[in-house]
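Hi,

Have a look at the model first, then read on.

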Amino acid sequence: MKIGIDKIAYYTPEYYLDLVDLAHARGVDPNKYLIGLMQKEMSVAPLDQDTVTMAANAADQILSKTDKDEIGLLILATESGIDQSKAAALYVQELLHISSQARVYEIKEACYGATAALTSALDYITNHPSKKALIIASDIARYGLNTPGEVTQGAGAVAMLISTDPKIVSLDGQSEIHSEQIMDFWRPNYAKEALADGHYSQEQYLKFFQIVFKAYMQKHHLDLSYFSAMLFHLPYAKLAFKALNLALETDKSGSSKRLSQAFSQAIHLNQKVGNIYTASLYLSLISLLQFDQQLKTGDKIAAFSYGSGAVAEFFTLTIEAGFEGRLSKIDNDRLIGNRKKLSIAEYERAFQASLPEDGSDFQVTAMSKAPFKLLGIHGHKRIYGQ
Ligand code: CAA
């Protein structure tokens, strides 16, 4: 029985910052961002978009009425949660009218969360093959104005419908994992912005990659010719590029050219959206599937998931028949092409705008055309609507 991603979509807010403008404002050579980090733009979330609305706006694009009735598991992975207790997934369930018989919860382990959710969905569908699972990764990456991490911010969500007989990619349940308690990136309860030990976090990402990549290749007696593409968690493209090059150093099969070409297709969307933490790896999957013209049914795609703190997992996706049809429905022109470019002053205002710290009643000015928006706060409750 094949199980995997049957439908996939992403959402990103309708505003962005050009990183050349950011470089000029911060007195940095633009090539540091464009070449040094390999990033171009980043999406900026207005106050009417949060983890819940971005998740709903992503999932809304793929779910039929039948899907909603058949969903037995809904997991939202995020590290920009809106509540310490209640799962953001419950608001999404209500907004999208998803079955009230579904098991609904939120999951957290930094950028690894969506991969953890995906493995839970695989187990769930194995035991309940007539059901579907909805996995959503939704995040706003915030490091703060004038910080080294500022250029690696972003906002967005990816929704994936998991089922038997998937039309996009299947998973085989085989993976290599490495987990270890380290302090490379974290956000304490009192902080609105992430704390990152930037260079240490880069080292750890690459160290974890080498551990799980080597273990996977040895265990399954593989060389790089097995893969048509390699996907990575993408805080920014250059770090993934470094990981790819570590893999290519082991290449004795002449696969480097193909894997490098595929990589350049897999980073398109991420270079414009920025880091979306839990959703970054899966946005890169969408990018690859949409832009790589050489992909065909049966191709094997390597995936490296990394969440600071830290957990890493390396696994394989197999391309299934029908993926082109599914991906052709994703409208990048609407999602990315039509975003409004912000000036530095507008970006800084948007960054500093916040809901009242004490949770007092507040009405949010609508800024997005997307279907789902945060309308305000009333009686310490977030009010969502269309
Ligand atoms: N032209 C071309 N390249 C230039 C340049 C120029 N004028 N100036 C600098 N560069 C290059 C540098 O050589 C460097 O490249 P290499 O790493 O290949 O040497 C690159 O630009 C970046 O320069 P710095 O290392 O000096 O940059 P920095 O210290 O200001 O910040 C950062 C970089 C550490 C990634 C910072 O943006 C940051 O802290 N980001 C947040 C943390 C993060 O994303 N960590 C990633 C791993 S953790 C993870 O993956 C989980 C997650 O999502 C957060």
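Predicted model: local features only at pLDDT ≥ 70, side-chain atom pairs only at ≥ 80, totals over all residues.

Does Phe323 count as buried or exposed, going by its C-beta neighbours inside 10 Å? Phe323 counts as buried, because it has 21 of those neighbours. The cut-offs I use throughout: a residue is buried if 20 or more other C-beta atoms lie within 10 Å of its own, exposed if 12 or fewer, and partly exposed in between, with C-beta atoms placed from the backbone. Phe323 belongs to helix α12 (residues 323–327).

Residues are numbered from 1 along each chain as its sequence is written.

**The whole chain**

The chain has 14 helices and 17 strands. Those are DSSP runs numbered from the N terminus (helices are H or I, at least four residues; strands are E, at least two). The C-alpha trace spans about 60 × 55 × 40 Å along its principal axes. With 386 residues, a compact globule would have a radius of gyration near 21 Å, and the 20 Å of this chain agrees with that. (The radius is taken over C-alpha atoms, and the globule rule is 2.2 Å times the number of residues to the power 0.38.) Of the 386 residues, 49% count as buried.

**What UniProt lists**

The UniProt entry is unreviewed, and it lists residues 2–165 as "domain: Hydroxymethylglutaryl-coenzyme A synthase N-terminal". UniProt positions are in the numbering used here, feature names are shortened, and annotations may be inferred rather than shown by experiment. In the model, residues 2–165 are 33% helix and 30% strand, with the end C-alpha atoms 5 Å apart.

Residues 176–257 are 44% helix and 15% strand, and their end C-alpha atoms lie 25 Å apart. For residues 260–350 the figures are 47% helix, 21% strand and 36 Å between the end C-alpha atoms.

The "active site" annotation in UniProt (unreviewed entry) covers Glu79, Cys111 and His233. Glu79 is in the loop between β4 (71–77) and α5 (88–96). Glu79 is buried, since 25 other C-beta atoms lie within 10 Å.

**Around the ligand**

The ligand is surrounded by 27 residues, and the closest are Asn31, Lys32, Gly36, Gly149 and Gly198. A residue is near a molecule if its C-beta atom, placed from the backbone, lies within 6 Å of it. Helices α2 (30–36) and α7 (198–219) each supply at least two residues of this shell, and the largest share, five residues, comes from α7. By class, the shell has 13 nonpolar, eleven polar and three charged residues. (Ala, Val, Leu, Ile, Met, Phe, Trp, Tyr, Cys and Pro count as nonpolar, Asp, Glu, Lys and Arg as charged, and the others, Gly among them, as polar.) Domain 1 (3–169 + 329–385) and domain 2 (171–320) each give at least three residues to the shell. Those domain bounds come from an automatic or database domain assignment.

Helix α11 (residues 280–291) has twelve residues and reaches 16 Å from its first C-alpha to its last, close to the 16 Å expected at 1.5 Å a residue. The expected span is 1.5 Å times one less than the number of residues. Ten of the twelve residues of α11 are buried, including Ser280, Tyr282 and Leu289.

Helix α6 (residues 113–127) has 15 residues and reaches 22 Å, close to the 21 Å expected. Its buried residues include Gly113, Leu118, Ala121 and Ile125. An α-helix has 3.6 residues a turn, so residues three or four places apart point the same way.

Most residues other than glycine have a negative phi, and most peptide bonds are trans. Met38 has a phi near 60° and lies in the loop between α2 and β3 (41–44). Met38 is partly exposed, with 17 other C-beta atoms within 10 Å. His380 has a positive phi of about 65° and sits in the loop between β16 (373–378) and β17 (381–385). His380 counts as exposed, with 9 C-beta neighbours inside 10 Å. The peptide bond from Gly309 to Ala310 is cis, with omega near 5°, and Ala310 is in the loop between β12 (300–307) and β13 (311–319).

Cheers
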